[in-house]
Amino acid sequence: MQDDAQQADHLQRFLFDSAAVRGEWLQLKETWQTVKAQRDYPPAVAKLLGEMLGAAALLAETVKMDGRLVLQCRSQGPVSLLMVECTSEHTLRGLANWTGDIADDASMQSLLADGTLVLTIENAGAKQPYQGVVSIHGESIAEALETYFAQSEQLNTRIWLRTNEETVGGLMLQQLPEQDPAKHDEDWQRLNHLAATITSEELLDLDAVNLLHRLFNEETVRLMSTTVLEFACTCSRQRVADTIKLLGQQEAEEIIEERGFVELACEFCNTHYQFDPVDVAGLFNDPMTIQSDSKTLH
């Protein structure tokens, strides 16, 4: 078995030699701890956020992009927003917004009532992003995504996602084109049956090699590329400056008069950006970019 430190925050792609099916395995540890540390999430909300984080990483590896993939769940329930981003640089970030007291055993449907799942892929240079939207069905993020693939992509896809305090684990199987429909269906059913025997402990604790041997020991599994994943935020002082400009000069000056400065915090990484009266005046009077050495608080 490989060392745990080497397995943290990795995604492993694999193929079956005898079947037109591809797969991915992942575990997130440091990234998950960093995302979770930004807010004091109730356990049920943290579970959904962790599953979204794993799902975004799995899906991003299946598409060719030079930009970012964003998964969002918006709802009328206690959890109004789940948002996770995975970039082509293999970085992840995510957050959840909720209101009220959340029971530890609250179901996804109760938390995301009347919700929609939105998948957005933004490519550098593209005129507009690709976007797919489906209603949230099922009892887990994995089931909701399987519904998305069935309805929007017409692509047979199975996803398993698990979280605990330390780790996010994920496994995905996806059917590829095949000339022989009868064999295609038989292979897909067989591999799904084998994968469905997976336990939460196996997905969260075993490395890719041992897990795949445990599930598919009678199949020939070919390991492909391994991707290293990490947490990173794309916020910047310039982006916050642009946000202050959107507030308008009058509102910004009113905040300065009341507090002596304008301060905004990134919801993803909790970095605080502070602008004093000179900074704010420069935003509305000087077209030059805000200097990067101005005050940024962590």
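Cys 233 has a relative accessibility of 24% and therefore counts as partly exposed, the class between buried (under 20% relative accessible area) and exposed (over 50%), computed with a 1.4 Å probe on protein chains only. Cys 266, at 12% relative accessibility, counts as buried. The structure is a predicted model, in which local features need pLDDT of at least 70 and side-chain atom pairs count only at pLDDT 80 or more, while totals for chains, interfaces and linings use all residues. Residues are numbered from 1 along each chain as its sequence is written, and side-chain values use heavy atoms, with hydrogens and water left out.

A disulfide is a covalent bond between the sulfur atoms of two cysteines. Here a disulfide is taken as a pair of cysteine sulfur atoms within 2.5 Å, and by this rule the count is 0. Cys 233 is in no disulfide, its nearest cysteine sulfur being that of Cys 266, 3.5 Å away.

Helices (H or I, at least four residues) and strands (E, at least two) are DSSP runs, numbered from the N terminus. Strands of a sheet pair through backbone hydrogen bonds, either parallel or antiparallel. Two strands are said to pair if DSSP finds at least two bridges between them. An open sheet is formed by 5 strands in the order E8-E9-E2-E1-E10, with antiparallel pairing. From one strand to the next, the twist averages 15°. E8 pairs with E9 (residues 168-175) over 7 bridges in the antiparallel sense, and Thr 163 stands opposite Val 168 in E9. Helix H6 (residues 181-195) packs on this sheet, where it touches E1 (10-16), E2 (21-28), E8 and E9. The direction of H6 makes about 165° with that of E9.

Further pairing involves strand E6 (residues 116-123), which is joined to strand E3 (residues 67-74) by 8 bridges in the antiparallel sense. In this pair, Val 70 stands opposite Thr 120 in E6. E6 also runs antiparallel to strand E7 (residues 130-135), with 6 bridges between them, and Val 118 has Val 133 in E7 as its bridge partner. E6 and E7 form a hairpin with 6 residues between them, and Gly 125 in the turn has a positive phi of about 90°.

Two packed helices are described by the angle between their axes and the distance between the axes. Axes are lines fitted to C-alpha atoms, for helices over the stretch in contact, and angles run from 0 to 180 degrees between N-to-C directions. Contact means heavy atoms within 4.5 Å. The axes of helix H3 (residues 43-60) and helix H5 (residues 141-153) come within 9 Å and cross at roughly 40°. Leu 48, Glu 51, Met 52, Ala 55 and Leu 59 in H3 meet Ile 141, Leu 145 and Phe 149 in H5. For helix H10 (residues 249-259) and helix H11 (residues 277-285), the axes come within 11 Å and cross at roughly 175°. H10 and H11 are therefore roughly antiparallel, a term for angles over 145 degrees. Gln 249, Ala 252 and Ile 256 in H10 meet Pro 277, Val 280 and Phe 284 in H11.

Definitions and conventions: Parallel < 35°, antiparallel > 145°, perpendicular 65-115°, else oblique.
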